[in-house]
Amino acid sequence: MARSDSGESVLERVVRVLEAFTPEAPALAVTEIARRADLPTTTASRLVAELVGHGLLVRDEGRVRVGTRLWELGARASSTLSLRETAMPVLEDLHRAVGHHAQLGVLDGAEVLFVERLSADRAVINLTRIAARLPLHASSSGLVLLAFASTTLQERVLARPLVGFTRNTITDPGVLRTRLAEVRERGVALCPGYIHLDATGVAVPVRDGAGHVVVAVSVVVPNDGEAARTVPALTEAARRIRDRLAR
Ligand code: PHB
């Protein structure tokens, strides 16, 4: 692998260039990419030109965006995509029944990565997007995925500062430990106002044929004390997704 004077590989730099794009900043000037990727502008400019040549990035009115080719390569053989396709008819039924937002989240590193979300007009505020992440301790999907994750990951999360989004987010490791045990026992995580005071997340685990929790299915509904009513629909959705995964 070619290395720069700093000893970094070109690939490491390319990854940082690609990571510069976010849902909030999907179109960036090269100088901004350089700043975000911590690269000299000349280097960023050269890497962007090569990536554009391969169709992985595209130029758009003086800015640069992620190219469809990058999506195509990522999606073509993605296990996430097949999980999403298997779960989609069930997620649509759940969304019809509950309204607001229905979503699928998977564990990735020490975060939950949302791989699908269905929303509605006038739905309650939701800070998650498809391909966006939340910390495990702060969201219902995250609590479910963490509760059934390895003890190594649990201890790693418990040992770090737990960042609060609102006054309701769990920031005390002792409280988090107790909540994880409850989630394992009850098979559901209910998080009123953890991410935003107006919204409640409710999530349940989905297991694969071998019994491993592979995805959390969740809804985000208003924080009006009624969110627990969604649990039967969520439990049914999790059962149906498990059956479809096992086939
Ligand atoms: C949650 O999963 O608890 C959650 C996620 C996103 C929100 C609100 C709640 O915007």
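Colleague: On what basis are the values computed?

Modeller: This is a predicted model, in which local features need pLDDT of at least 70 and side-chain atom pairs count only at pLDDT 80 or more, while totals for chains, interfaces and linings use all residues. Residues are numbered from 1 along each chain as its sequence is written, and side-chain values use heavy atoms, with hydrogens and water left out.

Colleague: Into which domains is the protein divided?

Modeller: Domain bounds come from an automatic or database domain assignment. Here that assignment gives domain 1 (10-74) and domain 2 (78-246). Their C-alpha centres lie 31 Å apart.

Colleague: How is a pairing of strands to be read, and how many bridges join strand 1 and strand 2?

Modeller: Helices (H or I, at least four residues) and strands (E, at least two) are DSSP runs, numbered from the N terminus. Two strands pair if DSSP finds at least two bridges between them. Strand 1 (residues 57-60) and strand 2 (residues 63-66) are antiparallel and share four bridges; Leu57 has Val66 of strand 2 as its bridge partner. Two residues lie between the strands of this hairpin, where Glu61 takes a positive phi near 50°.

Colleague: What is the order of the strands in the open sheet?

Modeller: In a regular strand, side chains alternate between the two faces of the sheet. The open sheet has six strands in the order 5-4-3-8-7-6, with antiparallel pairing. Strand 5 and strand 6 (189-192) are at the edges with a single partner strand each, so one side of each has no neighbour in the sheet. On average, neighbouring strands of this sheet are turned by 30° against each other, direction ignored. Strand 6 runs antiparallel to strand 7 (residues 199-207), and four bridges join them.

Colleague: How is the packing of helix 1 and helix 3 described?

Modeller: Two packed helices are described by the angle between their axes and the distance between the axes. Axes are lines fitted to C-alpha atoms, for helices over the stretch in contact, and angles run from 0 to 180 degrees between N-to-C directions. Helix 1 (residues 10-19) and helix 3 (residues 41-53) pack at about 85°, with axes 10 Å apart. Helix 1 is therefore roughly perpendicular to helix 3 (angles of 65 to 115 degrees count as such; under 35 is roughly parallel, over 145 roughly antiparallel, and the rest oblique). The contact (heavy atoms within 4.5 Å) involves Val10, Arg13, Val14, Val17 and Leu18 of helix 1, and Thr43, Leu47, Val48 and Leu51 of helix 3.

Colleague: Which polar contacts does the side chain of Thr169 make?

Modeller: A polar contact is a pair of N or O atoms within 3.5 Å; within protein, one must be able to donate a hydrogen and the other to accept it, and residues adjacent in sequence count only if both atoms are side-chain atoms. The Thr169 side chain reaches the backbone nitrogen of Phe165 at 2.9 Å, and one of its polar atoms lies 2.6 Å from the backbone oxygen of Tyr194. Thr169 is in the loop between helix 7 (151-159) and helix 8 and is buried at 6% relative accessibility.

Colleague: Where is Asn126 placed?

Modeller: Asn126 is in the loop between strand 4 (111-118) and strand 5 (133-135). Its side chain makes a polar contact of 2.8 Å with that of Thr128, and Asn126 is buried at 17% relative accessibility.

Technical notes: Buried means under 20% relative accessible area, exposed over 50%, partly exposed in between (1.4 Å probe, protein chains only).
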